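Thank you all for coming; I would like to take a few minutes to walk through one model, and I will keep to what can be read from its atoms. Please have the sequence and the structure open as I go.

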Amino acid sequence: MTALLSLSIIFLAILFALEILYKEWDTKFDMMLFSYPLSLKSYLLGKFSFFASKTLLSFVILIAGFVFGQTLRTGNEMQPGFDFWSYLYPILIFGVLNCFFVCSFLFMVAYTTRNKLLVVVGGLLLYVLYMVLLVFSNSPFMAGSIPQSIEVQQLSSIIDPFGVSAYFLEAKHFTIEQKNEFVIPFSGFLALNRSIYVLVSFVFLAMTYRFFAFTKTVSKKELKRERLVLSDVISKSTVDKTPNLDFSGPSIVKSALSFAKVDLIYLFKSVTVVAVSILLVFFVGMEMYAEIDKGIRLPEQYASSGLLATSISQSFQLLGAFILVYFINDLYWRSRATNFHFIEHSTFLSRSKLKGHLISVSTLLVFITALLLVLALLFQISYGYTHIDWIAFRGVIVFNTLPLILLASFLLLINSVLNNKYVALGISILTVIVYTTPLVKMVLPYPLLQFFSGFKGLYSDFNGYGIYLTAFTYRLIFGVCLVGFLWIITSYFKLKQWTKLNVGLMVFFTGLGAFSGIGFMEGYLPKNEDSKVMEAVEYEKNYRQFQDLPQPTITDVNTKIDLFPSENAYEIEGTYVLRNLSEKPVHKVLFNFHPDLKIEYANFNIHGNAISIDTPVSEIELSTPLLPNESATLEFNLSYQWFAVNGHHSFNAIVGNGSFMRISNYYPTLGYQSDHEIKDEQNRLEFQLGKASHIHTIDAPEVSKADFIDLTMIISTETDQTPIGIGDFQKSWTENGKTYYQYEAENIPFRFSLASAKYQKKNLIHRGIQIEIFYNEKHPENVDRLLNNAKLSLDYCIDNFGSYPYEKISFVEVSSFSSGFAATAYPATIFMTENMIFHANVNSDPGKDVITELAGHELSHLWWGNSQINPDKRVGASMLTETLAMYTEMMIYKKMYGEERMEERLHIHQQIYENEKGLYGDSPLYEVPYGATHIAYSKGALAMVELAEVLGEDQVNLALKNFLEHNQYPKKPTSLDLLAEFYKVAPDASAKSKIDELFKMK
Ligand SMILES: [Zn+2]
């Protein structure tokens, strides 16, 4: 952390360099300086030590503030006690050394060139260089950290002038516990790196001494500029000194424009605008590059307008806001500094000055926006993706530029109301920090008031910005009205008189503000974390008893889902058949309905009685118990609609086009749901909840449980879209202007989902199985490859593991509004996201063929998934699904591209595993915990490929086929069952011990 903070040294050093190192020159003291008997060496040494120590001191103060904040933090992830050395050590190796390096570099630039612009640019260049390094090296704190090869890591740990990469390289070999207990020793690459840069710093200092530039050479151009500025001031003051009695509209506009003109000349001639533009272009450019190039694991993305527009929106708002704070403060108080404001304020037209500033700052923002858009277009052209989507770019203006202009008008108001430059600066910074960081949700929880904030949201080729664009515009208009209101009020307090225009504007702003505010807030549901915790506590306290009570099992689901994509809404009708499959009578039943969905109607029909249910959690006492093997039904109607103000849920994304819902998550459930439990240990202690429900250990007795369902789902949607469910397709029809599709699947786990969009379709029949692909018309690039790979994967799985259980397999593209997965497999249907699969530029590098990987992986889940193999909740479960899917993926990759390419992919998994085990812990594969993907996927792939080398691919496949046969539903197999099959095909004792080594050791 200190290492990261040490980057702030650059910014501190630039500021101090401008202040300290140029003092003599700015005050023209340099003429006299060397007439004193003072040696150059001692002068430079004095200067440098003052400069460096001031920078270091400010940095240490910054760190101290950070440490203080840390010790105030509570929570069980923090360690008790305070270890002074663990803070001092990084300050020494990062703080002091980096400070020395940065200061000596800037010192050299300053005293050899005598040019302020070069100091700023040089400092920024250091920063820029560093960002480049972060992208190319393995940097755990870069967004979407991507694994890099060990050679690249070593190289970057030497080149990295700040030592951060070296630190992470050395730290990688430590476990979490070790990292917290010990500090990383000063050895290896870290020591090498630090010594190199101390040496380099001394070289910089020596060069300063050698090439010291005695006097600043004043160019003719600069002299000319000074004269020019002077003439500006003169002409401006003559305008103000002769009071113009014509206060009508045109003259106000004219004077505002003339103020703006003066500002703009000042702005665009200043060093800062150049520096800021370079920084912004660079920063956003890096972001764009990172978004397109996904590292060594994932293929490149197409440089589409949507991708680039969202990457601008990621950082523009924050950077733009800070730029505004600086320039507005600078512009507004510029005339004060020269005491010129007495003249300005004496005139009625001083109000025009504010308007002039607003115009000029807005022009600056438009200039920056244009710069970034040109950058985006250059990216598109250089990557050869020339389909330009102006709607995506329009988002940049609506989500960033317009709120920033609004913010500018507010900041100007702050500066004009407050009578002190620094108080105004402080309040401006505070406003910006609140509005551009997640802090805004705490300070202003009411979303309508967050109108200065930007939108970092998503863009989908299916759905554009969805309903967010309209909602955002509403909120922006509300903001304009509110700030306009404030401007008028302050103008009243200054002038003490109402004009007709102002009254009219007040009325107009009130009306429009109310209208747009109501439009934005439609459907708003306040979020309350505390009440959520309380609900979970209540739930556990009241209903945990159901964990040990027999409950009916859902055996049949018959459902109709009506989708209304253009309204972001759907309705569900459903009937469950519930059967008591236990050996004991059921006396009471617990129903859980999802709180996000509205219960229109729900009836529990038992023994000829209908019991109505209207609350999300309902406990029903039965007058006559449901005896073993007796059945009952549950009938229900549910509805759902979401609004932009609350945001959509990634797995319940009913959107205009490209909807995807893991809909079974939103269906009613029976019995106690242990996933509602609070996980936080301290919270559990506080509410006296006792031990949380835990998943089974590996040696808990095996279970056999019949909990599969027969599913019939009818989906309707708007006629220009195709609705897609899971299982085999039965029939489709049109009725009342809606398209209906019916799907059926027998004997599947209670897990189903659906999609709906305007689709293109491509299909073929292979070995009697229909392979079909539903995709967006803008994304045809990978469709043929996907069809081919599906054929290949089907062949491999059918030949080695057994027959395919369905009539068809559909690959369905869903919009990026659903995120958190690349692809997800259901019986006979696999859903894949647009950005990760369908619109990935696979041709850019055949070594990163995600299509082959995922087609193989996901298709194999129809064997290693939950419909053929269905382990219960216990450690090691994902070794039976994900590890085996990874194995199949690797074997198919080998078949397509050869052994060498497969080894390359494997190598990446090796690195993912190595990197993440230090962060998230390690365990033997057969006891892999839930959610430990680096073990189940990466370590699993490594182990299985090695197993195939030891036993032979055929023998492993034979073991897998036997495993499938011997562990069919309703058995819930464990990882021990799989190991047993491996042992059976092992030729000798040494092979057996190898199996143990691969799967039972850490
Ligand atoms: Zn998987």
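Predicted model: local features only at pLDDT ≥ 70, side-chain atom pairs only at ≥ 80, totals over all residues.

Let me begin with a definition, namely that two strands are said to pair if DSSP finds at least two bridges between them, and that helices (H or I, at least four residues) and strands (E, at least two) are DSSP runs, numbered from the N terminus. Residues are numbered from 1 along each chain as its sequence is written, and side-chain values use heavy atoms, with hydrogens and water left out.

With that in place, please look at strand E18, residues 760–766, which pairs with E19 in the antiparallel sense over 7 bridges. Within this pairing, Lys-762 has Ile-773 of E19 as its bridge partner. The hairpin of E18 and E19 has 2 residues between the strands, and there Arg-767 takes a positive phi near 50°. Strand E19 itself, residues 769–775, is mostly covered, since 6 of its 7 residues are buried; buried here means under 20% relative accessible area, exposed means over 50%, and partly exposed lies in between, with a 1.4 Å probe and protein chains only.

What does E19 join through 5 bridges? The partner is strand E20, residues 808–814, and these two strands run parallel. Phe-774, for instance, stands opposite Val-812 in E20. Between E19 and E20 the chain crosses through helix H25, residues 783–801, and this β-α-β crossover is left-handed; a crossover is called right-handed if, with the strands pointing away from the viewer, the path from the first strand over the helix to the second runs clockwise.

Arg-767 counts as partly exposed, at 45% relative accessibility.

By that rule the count comes to 24 salt bridges, and I will mention a few others. Lys-560 forms one with Asp-562, the closest N and O atoms being 3.0 Å apart; Lys-560 is partly exposed at 23%, whereas Asp-562 counts as buried at 10%. In helix H33, residues 989–1000, Glu-997 and Lys-994 are 3 residues apart and so are separated by about one helical turn, and their side chains meet in a salt bridge of 3.5 Å, N to O. Salt bridges that share partners also join Glu-540, Arg-544, Glu-677 and Arg-684 into one network.

Now to the metal: which residues are the protein donors of the zinc ion? They are His-857 (NE2), His-861 (NE2) and Glu-882 (OE), lying 2.0 to 2.1 Å from the zinc ion, where donors are N, O and S atoms within 2.8 Å of the metal (3.2 Å for Na, K and Ca), and because water is not among the atoms, sites may look incomplete. In sequence these donor residues are spaced H-x3-H-x20-E. His-861 lies in the loop between helix H27 (850–860) and helix H28 (877–897), and Glu-882 lies in helix H28, so the pair ties together parts that are 21 residues apart in sequence. Both His-861 and Glu-882 are buried.

Finally, some backbone details deserve a careful look. Most residues other than glycine have a negative phi, and most peptide bonds are trans. Asn-568, however, has a positive phi near 50°; this residue is found in the loop between strand E2 (553–564) and strand E3 (569–579), and counts as buried at 6% relative accessibility. Asn-747 has a positive phi near 55°, lies in strand E16, residues 738–748, and is partly exposed, with a relative accessible area of 42%. The peptide bond from Tyr-969 to Pro-970 is cis, with omega near 10°, and Pro-970 is placed in the loop between helix H31 (953–966) and strand E24 (971–972).

Key: Salt bridge = Lys/Arg side-chain N within 4 Å of Asp/Glu carboxyl O.
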